[in-house]
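Colleague: Got the model open here. Can you walk me through it?
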Amino acid sequence: YVKMVSEEPVSSLQAIKYTRGSLQLLDQRLLPFQTVYLDVPDVKTAWAHIRDMVVRGAPAIGCTGALAMAVELHTHKAAGAAFSSVGEAEEYINSTLDYLVTSRPTAVNLADAANKLKAAASQAGAAESAAPSSVCSAVIDAAEVYFAEDIASNKAMGATGAAALLSAAIARGRGVGGKLRVLTHCNTGSLATAGYGTALGVIRALNDQDALEHAFCTETRPYNQGARLTAFELAHDKLPATLICDSAAAALMASGQVDAVVVGADRVVANGDTANKIGTKALSISAAHFNIPFFIAAPTTTLDPNLPSGDHIVIEQRSHEEVTHFKGTRVAAQGVNVWNPSFDVAPCGLIEGIITERGMIPKKDGVFQVRAFMAKLGLWQPPEGQTAAEADDAAAAAPGGFRALDCESVKHWVAARPALQQRLGPADSVDNWQVKEVGDGNINFVFIIEGPSGALCVKQALPYVRCVGESWPLTQDRVRIEAAALAEEAAWCPAHVPAVYLYDKEMALITMRYLAPPFLILRRGLIAGTIYPRLAEHLATFLAGTLFHTSLIKLNSSEFRKKVAQYENDEMCRLTEQVIFTEPYFTAKNNRWTSPQLDADVAELQADVTARVAVCELKSLFCSKPQALLHGDLHTGSIMVTDTDTSVIDPEFAFYGPMAFDVGKILANLLLAYFASDGHEKTPGEREGQRGWLLSCIIDTWAGFSSSFSRLWSEHGAQGDLYPGVLTGPDAPGGADALAACQASFMGQLFYETVQFMGAFIIRRLVGIAHVADMDSISDLDVRATCERRALRFGRRLLVEGAKGELSSIQGLVEAAALLRAA
């Protein structure tokens, strides 16, 4: 039975009072004027006290979480008697610890404590004589050991840190007479730990050695931990000390009154980047400017080798009222926005040294070797096939770094950017934001985030094909392409493109307007049997505007070549070449189809020499004809619709290519919906109205596009270099006739290519790697195969014949489709 974990108190200041089954926390919100201890009877109360900053400081938070778990098990679960099995006990312990960690996301100690307690439970549960009581006993013991070790580590850290500060200051000609004037930030003493302190422990150690000339502490706005707590500890210990405003630190350094700076940490990542109380980064920058050594004091429990750099740290956003109010009274103007991050990150290059209870972390080429340091101590193991040194080199090579977001981390990424955060709601509402991952495509993640003030969409590109995995790498430069393409499309067709709020190159993501319900992915609406009366009009407008204004018909050749280079999208184009123009025509491992129903049809296609020739010619056209900026993936899954609005999304495949590629792709997808419609009927003929509309939509889209494109050409074509005004302009002899002839020839060739591309697109969606839900959602495989067989045969005809015979007009094409379906 443990009455007090530490029998020799290191300070009369105690943030945490614990005996087995009982936990009390000093309410640090009331200091320095009142000393009140609050009971913590269970984990739920501990979670609230951590979140509300009754207790703060990363080590103290970690100890509180561990001890709260111990109290919960001892008191409320009768030391294990309340569980019917070892598995039930372990499941409860793990889920409860996961809940505790959500109270404050930035400080790593709480997660470290949770992991240690989980490991203790797992080890005890694996024992041959395991019982719920033995599992709970192991966790309680581990929590008490964690608490005791924090005090011991702080004293060891103080001794190591005092020596390091003295050495670094003297090397710079500071510390006259062997005494230092030290600046610290926030509170890192007994009130932030189990006792003694981290950075303040270093200052205490200097004083014990008679090497402290003076201590300076910042007020640490907005929560005033320095003014309320650090100043309180310094005065309590009768150390020579002065309190300064946060904004006075650089001036104090400039006046020559600071020999060294030492601060604590809430998280130190693999390269040494350190998250600490907001304002720490500014101190590190000022210290570097004035050649003052800047140190971090952090126990090894605060080290996080799993994050390569500080850009991966989730920064907690705090309540606006911490800034706008003082003791409950508003002191800021009404209506002003507030950005209140609780932490910032000091970059490793500005940190002189990182002090731990196990010694100083080595530094190489300006980057700390956190992983090698921890591996040597047995605190971390590198991934299989990689040494610790190689792992540190990898961290050093990723100072900015990409990290894949999930539904939790994306909230904090957005909250750390005021322009985005304000679209969703106050920073203190972050935990209540709702996030859904809706990326039903084959490549990216798409998050919808909704807060009290609004919503937005975050699209992030993985460095590989999502539906395949890391075995198929894929450039993330496609995000740059997509952001630029959205801006270009919005310039010519703003009504049909979502607004982009932010493009982040390093994180490979775009944040944009959320197209809220009743907006729906067009493909889903078509599968449901919906008719969209204005779809053809909007598609025609989008196609004509984006293709014409980015073509050589509108641009001079210099502008055109610059844009071709800007939208060089090699990997995405090669992906297209592979999955559309190559794989469906041989036995590629990525191919799939409805088997065995379509086995013979696919075998026939893959033995079809005429189809191979036609698709190779199309591939040549795709690779060698940069006519205009294409969306590159314009299908019914890339279009959001309502009854009255249409918005085109996801142009990550954008590049300069043949116009027929975009036109053919969307028309082909409408044809696929047409052929699939029979498979979605509950009674025969019930979708006849939608089928008629789909065929009309195909006709109207082409006709509207053709007429709109020609109109734009007549209005603006003289500006471009492809059909110069001196040959086809109104002032040229026979200019009107020449223009009409050029337009007729151009549109005729464009239609021929469009028809062939339509065929290739239909085939790849039935045989290749990526299908369409129009067909795949037909549950009866025989019915699905019938629909697919009709579409496959029509696709093959379009590919090999092109716009010939009855396919020479859009009207003839849809009539041919209707005849084949009815056959």
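Modeller: Class labels first: Ala, Val, Leu, Ile, Met, Phe, Trp, Tyr, Cys and Pro count as nonpolar, Asp, Glu, Lys and Arg as charged, and the others, Gly among them, as polar. The model is predicted, so local features need pLDDT of at least 70 and side-chain atom pairs pLDDT 80 or more, while totals for chains, interfaces and linings use all residues. Numbering starts from 1 along each chain as its sequence is written, and side-chain values use heavy atoms, without hydrogens or water.

Colleague: OK, holes. How many cavities of 30 Å³ or more are there?
Modeller: Four. A cavity is a set of 1 Å grid points, over the protein atoms alone, where a 1.4 Å probe fits but cannot get out.

Colleague: What lies nearest its centre?
Modeller: Gly57, Ala58, Asn187, Asp266 and Asn276, out of 22 lining residues (an atom within 4 Å of a point). Helix α2 (58-76) and strand β9 (274-277) each give two or more residues to that lining, and α2 has the largest share, with three. Elements are DSSP runs numbered from the N terminus: helices H or I, at least four residues, strands E, at least two.

Colleague: And what's the lining like by class?
Modeller: Ten nonpolar, eight polar and four charged residues. For the second largest cavity, about 50 Å³, 13 residues form the lining, with Pro222, Tyr223, Lys277, Glu322 and Ser342 closest to the centre. That lining splits into five nonpolar, four polar and four charged.

Colleague: Switching topic: what order do the seven strands of the open sheet take?
Modeller: β6-β5-β4-β7-β10-β15-β16, with mixed pairing. Pairing takes at least two DSSP bridges.

Colleague: Why do β6 and β16 each have a side without a neighbour?
Modeller: β6 (241-244) and β16 (359-360) are the edge strands with a single partner each, so one side of each has no neighbour in the sheet. Elsewhere, β4 (180-184) and β7 (260-263) pair in the parallel sense over two bridges, and Leu183 stands opposite Val261 in β7.

Colleague: Which helix lies across β16?
Modeller: α5, which also lies across β4, β7, β10 (294-297) and β15 (353-356). Helix α6 (199-208) packs on the sheet as well, touching β4, β5 (212-218), β7, β10 and β15. Contact here means heavy atoms within 4.5 Å.

How values were computed
On a 1 Å grid over the protein atoms alone, a cavity is a set of points where a 1.4 Å probe fits but cannot get out, and a pocket is an open set with protein on both sides within 12 Å along at least five of seven lines; lining residues have an atom within 4 Å of a point. Grid points are joined across faces, edges and corners, and a volume is the space filled by probe spheres set on the points. Axes are lines fitted to C-alpha atoms, for helices over the stretch in contact, and angles run from 0 to 180 degrees between N-to-C directions.
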